[in-house]
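This briefing gathers computed features of one protein model, grouped by topic, for reading beside the sequence and the coordinates.

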Amino acid sequence: MGRFIDAVLFDIDETLIDLQAAMGSTLQAVSVDDLTHFTAADWEAYTSLFAADPQGHYNAYLAGRLGFADQRVLRLQHAREQAGLAPLDSDAARAWNQAYEQALPQYFRAFDDVVPLLDALEARGIAYGAVSNNVHDYQRAKLDAAGLQRIKVLVGIDTVGAAKPEPAIFHEGVRLLASRPERAAYVGDNLQVDAVGAAAAGLLGVWLDRIGNPSPVRVDGAAVPSGVPTIGSLGELLELV
């Protein structure tokens, strides 16, 4: 790429942590009685729809139009509707959300390629951290639950009052790693929000399009801009830094 890289920032969900798998396990663990007939294929479709959030409820949360619990319940209600199920009433939805919130952390797992890559970055003297479109403390607890306490630098949307793809949130991560945008890379599974957003902020934006485990936000057929490399696993990042 012709760039000297001394710092790497990562997205968290679907980049470092297999959130969709955690969601799927949690959805099954806290399912209500009317989902007992689901086949494995039904669960896969249900989880994929919940994770993909095609109605944009999580974006509404980022914009301040919904609370965090509200966006989660609305995503659930949409998945239920598409599965031909009746919506949960307010009491049932509240109980479901509480059960979901309590169960989810036990299923957080880092992808298999995360620790080897962090080891390799440390061996090369390359600093690393994470920048996420969620609040700092929630993502800090998520990283810790997944065994990634070694990631010390973490920027959330509440850190600088900005969300990706706004440059300010990327720049704060770069600052905390004592680097500069032109010397830093950002890796994420969302082509536009992560890779293109980071590139617009002056970083090397890298799109992680995981082989065999596509992101729920992946848009098939989307054009990848020139200068935005695509990798199929985190290990491939070592060819770029």
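This is a predicted model: local features need pLDDT of at least 70, side-chain atom pairs count only at pLDDT 80 or more; totals for chains, interfaces and linings use all residues.

**H57 and its surroundings**

The side chains of H57 and Q55 are joined by a polar contact of 2.9 Å.

- H57 has its place in helix α3, and because its relative accessibility is 14%, under the 20% limit, H57 counts as buried.
- When neighbours within four places in sequence are left aside, the residues in contact with H57 are L66, Q71, L74 and R75.
- Between H57 and D70, which stand 13 residues apart along the chain, the C-alpha atoms are separated by 8.5 Å.

**Pocket and cavities**

- The largest pocket has a volume of about 750 Å³, and of the 36 residues that line this pocket, D13, A51, Y58, N133 and V217 are the closest to its centre.
- Two or more residues of that lining come from each of the helices α1 (19-29), α2 (40-52), α3 (57-62), α4 (68-82), α7 (136-145) and α10, with the largest share, four residues, given by α4.
- Two cavities of 30 Å³ or more are found in a search of the whole structure, and the largest cavity holds about 60 Å³ of space.
- The lining of the largest cavity is made up of L27, V30, S31, V32, L35, Y46, L76, R80, L88 and W96.

**Nonpolar cores**

- The largest nonpolar core has 51 residues, and those with the most contacts inside this core are V8, F10, L16, W96, V187 and L237; W96 is also one of the residues that line the largest cavity.
- For V187, the contacts beyond its neighbours within four places in sequence are with V8, L9, F10, D11, T15, V206, L208, I231, L234 and L237.
- As general background, nonpolar side chains in soluble globular proteins tend to be buried together.

**D194 in helix α10**

- D194 has its place in helix α10, which covers residues 191-200, and D194 is buried because its relative accessible area is 2%, where the limit for a buried residue is under 20%.
- A polar contact of 2.8 Å is made between the side chain of D194 and the side chain of K164.
- Leaving aside neighbours within four places in sequence, D194 is in contact with D11, K164, F170, Y186, G188 and D189; D11 is also among the residues in contact with V187.

**Helix α6**

- In helix α6, which covers residues 114-123, the residues V114, L117, L118, A120 and L121 are buried.
- Seen down the axis of α6, these buried residues fall within an arc of 160°, so they line one face of the helix.
- An α-helix has 3.6 residues a turn, so residues three or four places apart point the same way.
- The buried residues of α6 pack against β1 (7-10) and β2 (127-131), and just after this helix G125 takes a positive phi of about 75°.
- E122 also has its place in α6, but because its relative accessibility is 43%, E122 counts as partly exposed.
- Beyond its neighbours within four places in sequence, E122 is in contact with Y128 and R150, whereas its C-alpha atom is separated by 33 Å from that of A222, 100 residues apart along the chain.

Terms used. Residues are numbered from 1 along each chain as its sequence is written. Side-chain values use heavy atoms; hydrogens and water are left out. A nonpolar core is a set of buried Ala, Val, Leu, Ile, Met, Phe, Trp, Tyr and Cys residues joined through side-chain atoms within 4.5 Å. Buried means under 20% relative accessible area, exposed over 50%, partly exposed in between (1.4 Å probe, protein chains only). Contact means heavy atoms within 4.5 Å. A polar contact is a pair of N or O atoms within 3.5 Å; within protein, one must be able to donate a hydrogen and the other to accept it, and residues adjacent in sequence count only if both atoms are side-chain atoms. The arc is that of the directions from the helix axis to the C-beta atoms. On a 1 Å grid over the protein atoms alone, a cavity is a set of points where a 1.4 Å probe fits but cannot get out, and a pocket is an open set with protein on both sides within 12 Å along at least five of seven lines; lining residues have an atom within 4 Å of a point. Grid points are joined across faces, edges and corners, and a volume is the space filled by probe spheres set on the points.
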